[in-house]
Amino acid sequence: DRFVETFYTAKWSNIFEIYDRDDDALKGWYCNITKPAVIEDGHVSYVDLALDLWVSANGRRTVLDEDELEELGLDEETKQKVFAGLGELEEYFETKNPPL
């Protein structure tokens, strides 16, 4: 598959837009909740905070790995940022008009 990856230095997420390797049809978006990315010297790094959002090409959204998030034992401030990042992604895809 082909991935178009978008990283943010001021947001608690990144987005991977995924296209089928055979026909290049959009499969959907895999979104990671992360600490803001660090981009320097031609490299991108980020800390994955386990919680993910899958958005299919038809717009259906599924939150993934909530159990893994709990296992991280994050402090309350970081958890708030994680869920704010998820909310921001949900809002973005709610207003986005994916092809049907």
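**How the sheet and core are assigned**

Reader: What makes this an open sheet, and in what order do its strands lie?

Author: In this predicted model, five strands form an open sheet with the order 1-2-3-6-7 and antiparallel pairing. Its edges are strand 1 (2-7) and strand 7 (61-64), each of which pairs on one side only. The average twist from one strand to the next is 20°.

Reader: How many bridges join strand 2 to strand 3?

Author: Seven bridges join these two strands, which run antiparallel. Ile15 has Cys31 as its bridge partner in strand 3. The hairpin between strand 2 and strand 3 has six residues between the strands, and Asp24 there takes a positive phi near 65°.

Reader: On what count do strand 6 and strand 7 pair?

Author: On four bridges, in the antiparallel sense, with strand 6 covering residues 48-56. The threshold is at least two bridges, so this pair also qualifies. Trp54 stands opposite Thr62 in strand 7.

Reader: Why is strand 2 called largely enclosed?

Author: A residue is buried when its relative accessible area is under 20%. Seven of the seven residues of strand 2 are buried, so the strand is largely enclosed by the rest of the structure. This holds for both directions: Ser13, Ile15, Glu17 and Tyr19 point one way, Asn14, Phe16 and Ile18 the other way, and all are buried. For the protein of 100 residues, the buried share is 34%.

Reader: What lies across the sheet strands, and at what angle to strand 6?

Author: Helix 2 (residues 76-95) lies across strand 2 (13-19), strand 3 (26-34), strand 6 and strand 7, and runs at about 15° to strand 6.

Reader: What makes a set of residues a nonpolar core, and which residues have the most contacts inside the largest one?

Author: The members must be buried nonpolar residues joined through side-chain atoms within 4.5 Å. The largest such core has 16 residues, and those with the most contacts inside it are Cys31, Leu53, Val82, Leu89 and Phe93. Strand 3, strand 6 and helix 2 are the elements that give two or more residues to this core. Strand 6 gives the most, with five residues. In soluble globular proteins, nonpolar side chains tend to be buried together.

Reader: Which residues is Leu53 in contact with, leaving aside its neighbours within four places in sequence?

Author: Its contacts are Trp29, Tyr30, Cys31, Arg61, Thr62, Val63, Leu86, Leu89, Glu90 and Phe93.

Reader: How do you know that the radius of gyration agrees with a compact globule?

Author: With 100 residues, a compact globule would have a radius near 13 Å; the protein has 14 Å, so the two agree. The C-alpha trace spans about 45 × 35 × 25 Å along its principal axes.

Reader: What is the order of elements from the N terminus on?

Author: The order is β-β-β-β-β-β-β-α-α, with two helices and seven strands in the protein. Among contacts between residues at least 6 apart in sequence, 40% join residues at least 24 apart.

How values were computed. Residues numbered from 1 in each chain as written. Predicted model: local features only at pLDDT ≥ 70, side-chain atom pairs only at ≥ 80, totals over all residues. Heavy atoms only, no water. Axes fitted to C-alpha atoms, helices over the stretch in contact; angles between N-to-C directions. Contact = heavy atoms within 4.5 Å. Buried < 20%, exposed > 50% of the residue type's maximum accessible area, 1.4 Å probe, protein only. Rg over C-alpha atoms; globule rule 2.2 N^0.38 Å.
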